Amino acid sequence: MKIDEVFVSDNKTKNVFVSNAAVNYITTVKVGASKTPFNLMVDSGSANTAIRLPNYKPTGKPMRNVKIKYCIGSFEGDLGRIGSKNQAIGVSESFFYEAVDGILGIGPVWVSECTLYQDGKSKRNELVPTATDNHFAQKKISANVVGIGFEPTVVETCYLGIMDGELAFGGVNMSKVRGEVTYTSITSKSPAANGWDIDQTVTYGDSTVIMQDGSEIIDTGSTLFYFTTDAYSAYQEVTGAVHDEATGLLRIWPRKLCESMGGKPNAIYLIVGDNGEHSFDFINGFCWLRRFYTVCDTDKKRVGVACNPIQ
């Protein structure tokens, strides 16, 4: 599997450009003997790479099955190994999210636990190495790390498909960072301690605490900054925001992208959503990630956060 068509490399990291799809980021991946390009959603909440089958021509024999659960759907198909990099990938005739050809999982490898099946039985203790794992094992990158750099929307240059995001496989692109990267260990709280999950306190202004010491996941596949219902209500009260029935949003949304969310042109929306009673107190999604450069470090089981220079 070739991760990128266009990248900049310094022999330590591979900086892959990704395009803005309004609610998530997309990267082009070449798959199979025909090197067919697939548009995959970048997802740090999952570790598996999966695509829909119609145009897929595998270079290796299928092995076992893979079943992956996502917040908005599920995927079930064969697991094959493709290309010279021996990358495992899930393939199926259909995919639950029609807007893309599949998902590129950049979550830590342990998230792939319980996704493998053989003869209908779960291979619970077997993991599926991620694309990052394989690049590191083959010494293509210097560390088992992914730096996520999504730029905040600039109204004058904002349009769908613009390549204003980047994944740095193997390290940190310091040109995307203002100041220093601050690291914190992955949380030990259950059931959150599974992916890029950390402990976090959220305040509004200088002193109003929305939630104290909650657990959250860094998830490029989620669009908004999600709170539990109680924290969401507290945030709505302190901001005085009004719920919009058409979009379900509260806060400022980039005005040029309002219609892509089903909203009114030039309206003002908030970027916070109600996560209900999910296992996470927060989800730091697409909108949050566009404001902070984020580093996901598999080997040291930690997450780094830094200010975006465009803020």
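Just after helix α2, G240 takes a positive phi of about 70°. This is a predicted model, in which local features need pLDDT of at least 70, side-chain atom pairs count only at pLDDT 80 or more, and totals for chains, interfaces and linings use all residues. Residues are numbered from 1 along each chain as its sequence is written, and side-chain values use heavy atoms, leaving out hydrogens and water.

Now step back into the helix itself. Helices (H or I, at least four residues) and strands (E, at least two) are DSSP runs, numbered from the N terminus. Helix α2 covers residues 229-239, and A231, Y232 and Y235 are buried there. Seen down the axis of α2, these buried residues fall within an arc of 100°, so they line one face of the helix. That arc is taken from the directions from the helix axis to the C-beta atoms. Buried means under 20% relative accessible area, exposed over 50%, and partly exposed in between (1.4 Å probe, protein chains only). The face turned away from the buried side carries exposed D230 and E237. The cover over the buried residues includes β15, β16, β17 and β18.

Between β16 and β17 lies a loop, and S222 sits in it. S222 is buried, with a relative accessible area of 10%. Beyond its neighbours within four places in sequence, S222 is in contact (heavy atoms within 4.5 Å) with I283, G285 and F286.

6 of its 6 residues are buried, so β8 is largely enclosed by the rest of the structure. Q87, I89 and V91 lie on one side, and A88, G90 and S92 on the other.
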